[in-house]
Structure formats: C-alpha cells, structure tokens
Amino acid sequence: MKMKKYYLNFLDELESEAIFILREVAAQFRNPVVLFSGGKDSIVVAHLAMKAFYPAKMPFPLLHVDTGHNFPETIEFRDSLVEEMGAQLLVGSVQDSIDEGRVAEESGKRASRNVLQIATLLDAIESNKIDCAIGGGRRDEEKARAKERFFSHRDEFGQWDPKNQRPELWNLFNGKQREGEHFRVFPISNWTEMDVWSYIHRENIAIPSLYFAHDREVIWRDNSWIPVSEYITIDAKEIPEVKKIRFRTLGDITITGGIESDADTLEKIVEEVSAMRQTERGNRADDKRSESAMEDRKREGYF
Amino acid sequence: MDLSTSQLLRFSTAGSVDDGKSTLIGRLLYDSKSIFEDQLEAIESTSLKKGHVGVDLALFTDGLRDEREQGITIDVAYRYFTTPKRKFIIADTPGHIQYTRNMVTGASTANVAIILIDARHGVIEQTKRHSYIASLLQIPHIIVCVNKMDLLDFKEERFNEIVEEYESILSKMMIKDVRFIPISALKGDNVVKRSEKMNWFQGAPLLHTLETLHISSDINKIDARFPVQTVIRPQREGFIDYRGYAGRIESGILRTGDEITVLPSGFKSKIKSIDVQRKELKEAFAPMSVSITLEDNIDISRGDMIVRADNQPRVEQEFDVMLCWLNNAIARPNAKYTIRHTTNEQKAMIKNVLYKMDINKLERNTEDKQINMNDICRVTIRTTKPLMIDEYRDNRFTGSMILVDEGTNETVAAGMIL
C-alpha cells in the first residue's frame, strides 16, 4: 500500500492561509470591503473570498478607486466579474475628488493621479463606514510592504505607523479598533508574483486581456512601453509605434508600462515570469519617484 | 519544480548589523538567483555611493527609511525565495534585547531558526538569548551557522570548540533538532555552494539543509483540533439547509464519519462532510481550511472547538503560561484584559507572577515581579470562561494565546501554555 502524505504543497498552504485570513475578517469586522483594482492580485483575492464562503456568497462588496485614467479593458472586466459574482460594487471617483476641490490635479509630462487616489480611497472608507479594506498587497513587491502585517491598523486619519505596529503571532489576529479607525488586511501577503501566476494558472482564473500579449500603440519612456492614450502628454522625441506587448501589473494607463512579449496563454505567462530578471514594479513609474516612494505613500494611507 | 509536492518552509533569523545576518540573507538570495537585475543595479549604485568595494550584500535587506538611516533592523521583515525544491519565507528579525518582542513574533510560525555565531567571539549572551527564544517558541529545527570562518583561516579546531560551547548551553533548553554549519556569508562558503576551503566539514551547505530538512512532522497530526471561525449559512436555493462550520484544522486529521465532540458544550455528533468549495473530501488535515457539516443540528458558533470524541483538550479557566510582554505599558496584575486563544475571546487577568526569566543568563528571578516590555515570565492566567487548551509543546496553535489591552486595543502579550 502506498503511504499517504499528510502535508500540503506550498500553493495549497498559501491558499489555506489566505482563506483563514478572509474568514477572520468576516468574523471580526462589521463592514469590510475588498479593494478591487481589476489587477491580478485583487482578482485572486476575490477568487479566494468566493472559495472561503462557498456555498454562501462572498460577504464583502468590492470597492474600486477609479482614477478616471483606466484601461477600458479593466472596467469591462470589472463589470463582468461583479455580475458573475453577484457582488455589490462601490466606486470612489478621483475625478469627483478633483471636481469637489478635495485634491488638485498634477500637471506636466509626468502628471499622474496615483497619489490623488489616497484622498479618494480614504473618503470612500469614511463615507461608507468601512472598518476593514482587504487588499491584494504582497510583501515581496517592495521593501516597505515587506514590513506589513496581515492585519494592519490605520488611525483615524488613515495613516500607517510602520514603527508602531501590533505584534502578530501564530494565527492570532487582532482587529480591534476605535470608532473612525480602520484596518487594511492583506490575505496574500506571503505570495510572490510567481505564486500568483501559478495559482491563476492552476485555478484557471479569468483575468483581463491586458495581461496577454497583444499589439498596442506605445511610446518608450523610462525603460518601458507606455500605452498611448488621451491621458498622456507625448513630447517630440517620443515616437508612437505599434509593439506586441503585455502588462505584468495593471495600474493607471498613464503609468503602467508594458513589456515586449509573445506570451498569449497562461502557460506561456507562467514560463515567462519564471525566467524574468526584473521585478514587476520596475515598470511602474509611481515607484520610481524616490527610494521611499512606497513607504511615504503607505504612511499617508495608500493601498 | 513540481508544484504538487513542493513544500513551504518558514525560517527565522535574528541578529544585529555586525553579525553578518544581512550578508547571509543577501548571500542566500544572490547565490540562489532570487535577486532581480533592477534590485541588483540599485544596490550596486548604493554600494558605490557608500564607497564599498564590490556589492554590499547586506543592502538587500534594507527596510524602512529610519532603518536605512540608522543601519539597524527594528521590525520583522519578510523575504521570499524559491528554489526548484522548496519555497522559503524568511522572517528577518532584529537581535538586540530591546527588540525581543519582534524576535518572538518572527519565531512564532517558523519551522527553522538560524542562529548566527561570529567565529571570532563564540557563544555570547546574544546567542543564548536567540536560542532561548527558539526553544521557548518550540521552533522544531535549529541550524547554528558559525560565521566569518574566513577570518580564522577556516580552522576546524575553532569550529569544534564553538560546537562544544554551544552544546553546553543546550542542556538548559528544549531543542529537539540542532545542526551546525561552518560558513562565510561574505565569501559564500557553505551557504549555497560547498566550501572548498573546509573539506574537513562533512555536512551539507545551508541551502541544501534547508531544502531537504524533514518538516512534514512539524505539525501535530495526532490531536484533531478544529476551532470554528464562522458559520456558513447560504440560505439560497439548493443550499437551504446547509450549515457549514468554517475553520482551519490546527492539528490532526479529520475524516467523514468521525465521531466528534463539540466543546465547550460537550454535544456529540458525526462528521457528515468536509468541503473545500465544490470539492468534498474524505479526510482533511492540518493546516487545511475547510468547512465541516455534521449529521446533527446542534448550536455551534465562533470560538467553539470540534474535536474527536476520543481525544480531547483540557477545558480550564486557570492555567500557567510563559508570557512575553510586548508593550511599553507595564502589566497590571489583576486588571482585566481580553484573551484571544484560537478563535475564542474571553476576559482574563494575570493572577500571579511566579518568576521572571533572565534570558541572557538563563536564570529565574523570583524577586522582581514587575512585568516590563520584552520580559518573559511564568504567570498564572484566570479567564472568565473555560478555554479548550493544549500544552504549547504539543500544539503550537491550541497552546498559544495573546492578551489585548481593552483601553488601547493593542496586543500587549503573547503566551505559551504550560
């Protein structure tokens, strides 16, 4: 008789950990939401949340912080997923925050609405009385994220205090808070980019077409292919051309750079990612602003 | 790599800047090709700016702005790498006594602790402290890396001396599996590649050891414990009567048809099904997250525990724990705290302080009863309602608890049940 092996492979262990965290959120908070960007990490979190509560529906609405500078494919994907899941969708609009004079639009060639999202996100959290926002942040993404807890406390101003975080031991998570404070919870903290792709492949999870290689009009800026769109300013030296590219991460259309690739299936993407020699955020202009760009934004209340 | 069998190994490191801890982690990541080109370029340019010769591997573990400026590790940082054999999570923790609480945090889920010894200095206070914490937190495997062997001409005698020295402090601890490796993190000897300068060493290099260590038995597979996190009641067509108890099996194995007892009520039933989404399983084991349905309709809610009828935990409201105090505010004896144990939450107080541990000298102090930040002491805890507990040494998950301050909501203490 073959001996049975009583251990999990690492993807199963990561999945079990994430499901445990999501169930803790449902049990400990009154009004949690899943932060949904349409990117692969938040799609995986939504998939895990469906798994965690099956056959009941996922007990969290999705919250999308809409910068107005979207890839149309992302919005299409978002709406079809929401319908399929039968989930509730909340939208916080950066354009509204600008129109209401809550934030001022950046100007110039490198203008981006990335930092502006913070105010919109915090407003949406306050006006919807959200006490926990579940995000797809991963510790391997960036050095400030490497210090993040699963259950991460935010004060009444939405700020993160990285030097004074609650200790987090074993599987005991403390989500206690005062009125007006909230938590950010990161169920896939321990996943790497490779884990996310292996999992998407294994579970055959639907993702936006932008992740697969396709022809697109782009310009070469800051070592990556930036999509030509109505939202960016192109100078005389930047010549638009059509390239076969795909995106490794999805953010604003103005700051998300693509890579040249022929990977048009999940198998090929997994293969390509495993051979990658650059980090995925290397193509994100928002992280290139300074050495502590992520830490600074996170302190203010960024995702 | 074969995803279907490849396991996850969590290990912790502790140390200060001078121990070569950052260099060791940098070396592991660099030699296992887990560092990306853009990260390497960033570090090359910083190394150059700081006037270092070559790439300063320690810069890979750079953290928050304050840590970079002061050149220290304050909080736990998590790092990841994968080899064709395993996925690894490193809990990189500070080593100084004033950050004991961060070390305890990083050690709580580790399979392996790496203890670094500077070959020039041998066993020092810090070595004892790190080892004591590893023993207290019952990390199943310890790997003692005797570092900076290059500075001592890779001499076998020095290595043997240190092994002997370390074995003499082991008698005061409960460490089951310990192994020693002579290394030079700076030069790369015995980290990923076998050292050519230490042919006298018969053991495997560090990475190979981490890749092959037997960890399947680290989780208790004997005592089935299933703390209920939440109850799933879909109340929709096709599932009107579905009542699933959602949770993670913290230890042991559960099978459909098993006779179970629900604690603390004591009601008995049988397992009808074990579900993971649409999949029905015949059996499930720790650490799987599942939902369980029972043959009988009984009242079960969050905080209850499903166990096998023939193997039950202690149900007590007064017990001793080794408590590590994590907060700036000193402990208030006889004050009320919230205790969190598995998914259960009750009120509790510290009834009695038996002794405090001097973790540098490994001695008990029965005079000083005031509990300050980073103190580790044996105390008696009393709770308002009984908890379903096991001894920590048998079960890391049903044997651990935290205390939460009701005023500040902060996690102020972590305890291991005796």
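Analyst: Domain bounds come from an automatic or database domain assignment. The model is predicted: local features need pLDDT of at least 70, side-chain atom pairs count only at pLDDT 80 or more, and totals for chains, interfaces and linings use all residues. Residues are numbered from 1 along each chain as its sequence is written, while chains are lettered from A and ligands numbered from 1 in the order in which they are written.

User: Which residues does the domain assignment of chain A give to domain 1, and which to domain 2?
Analyst: In the assignment, domain 1 of chain A is made of two stretches, 10-195 and 291-300. Domain 2 of chain A covers 208-286. The bounds asked for are therefore 10-195 + 291-300 for domain 1 and 208-286 for domain 2, as the domain assignment gives them, that is, domain 1 (10-195 + 291-300) and domain 2 (208-286).

User: Which element gives the most to the side of domain 1 of chain A that touches domain 2 of chain A?
Analyst: The contact (C-beta atoms, placed from the backbone, within 7 Å) takes 20 residues of domain 1 of chain A and 19 residues of domain 2 of chain A. On the domain 1 side, α3 (72-85) and α6 of chain A are the elements that give two or more residues; helices (H or I, at least four residues) and strands (E, at least two) are DSSP runs numbered from the N terminus. With 3 residues, the element that gives the most is α3(A).

User: How many nonpolar, polar and charged residues are on the side of chain A that touches chain B?
Analyst: Between the chains, 49 residues of chain A are in contact with 59 residues of chain B. Among the elements of chain A, α1 (10-28), α2 (40-53) and α6 (193-203) each supply at least two residues of this side, and α1(A) gives the most, with 10 residues. Ala, Val, Leu, Ile, Met, Phe, Trp, Tyr, Cys and Pro count as nonpolar, Asp, Glu, Lys and Arg as charged, and the others, Gly among them, as polar. By these classes, the side of chain A has 21 nonpolar, 13 polar and 15 charged residues.

User: Which residues have the most contacts inside the largest nonpolar core?
Analyst: A nonpolar core is a set of buried Ala, Val, Leu, Ile, Met, Phe, Trp, Tyr and Cys residues joined through C-beta atoms within 7 Å. A residue is buried if 20 or more other C-beta atoms (placed from the backbone) lie within 10 Å of its own, exposed if 12 or fewer, and partly exposed in between. The largest core has 181 residues. Those with the most contacts inside it are Val34(A), Ala49(A), Ile134(A) and Ala113(B).

User: Which residues are the buried ones of α6(B), and why do they line one face of the helix?
Analyst: Helix α6 (residues 156-170) of chain B has 15 residues and reaches 21 Å from its first C-alpha to its last, close to the 21 Å expected when the span is taken as 1.5 Å times one less than the number of residues. Its buried residues fall within an arc of 65° seen down the axis, so they line one face of the helix; the arc is that of the directions from the helix axis to the C-beta atoms. On the other side, Glu157(B), Glu164(B) and Ser168(B) are exposed. The buried residues are Phe159(B), Ile162(B) and Tyr166(B).

User: What covers the buried residues of α6(B)?
Analyst: The cover lies over Phe159(B), Ile162(B) and Tyr166(B), the buried residues of this helix. It includes three elements of chain B: β4 (112-118), β5 (141-147) and β6 (177-182).

User: How far apart do the C-alpha centres of domain 1 of chain B and domain 3 of chain B lie?
Analyst: The assignment gives chain B domain 1 (7-218), domain 2 (225-308) and domain 3 (314-417). The C-alpha centres of domain 1 and domain 3 of chain B are separated by 30 Å.

User: Is Glu345(B) buried, exposed or partly exposed?
Analyst: Glu345(B) lies in strand β19 (residues 344-358) of chain B. Beyond four places in sequence, Glu345(B) touches Gly303(B), Thr338(B) and Arg340(B). Because 18 other C-beta atoms lie within 10 Å, Glu345(B) is partly exposed.

User: Which residues does Ile253(B) touch, not counting residues up to four places away in sequence?
Analyst: Ile253(B) is placed in strand β10 (residues 253-255) of chain B. With 18 other C-beta atoms within 10 Å, Ile253(B) is partly exposed. The residues touched are Tyr6(A), Lys221(B), Ala224(B), Glu283(B) and Phe285(B).

How values were computed
Two residues are in contact if their C-beta atoms, placed from the backbone, lie within 7 Å.
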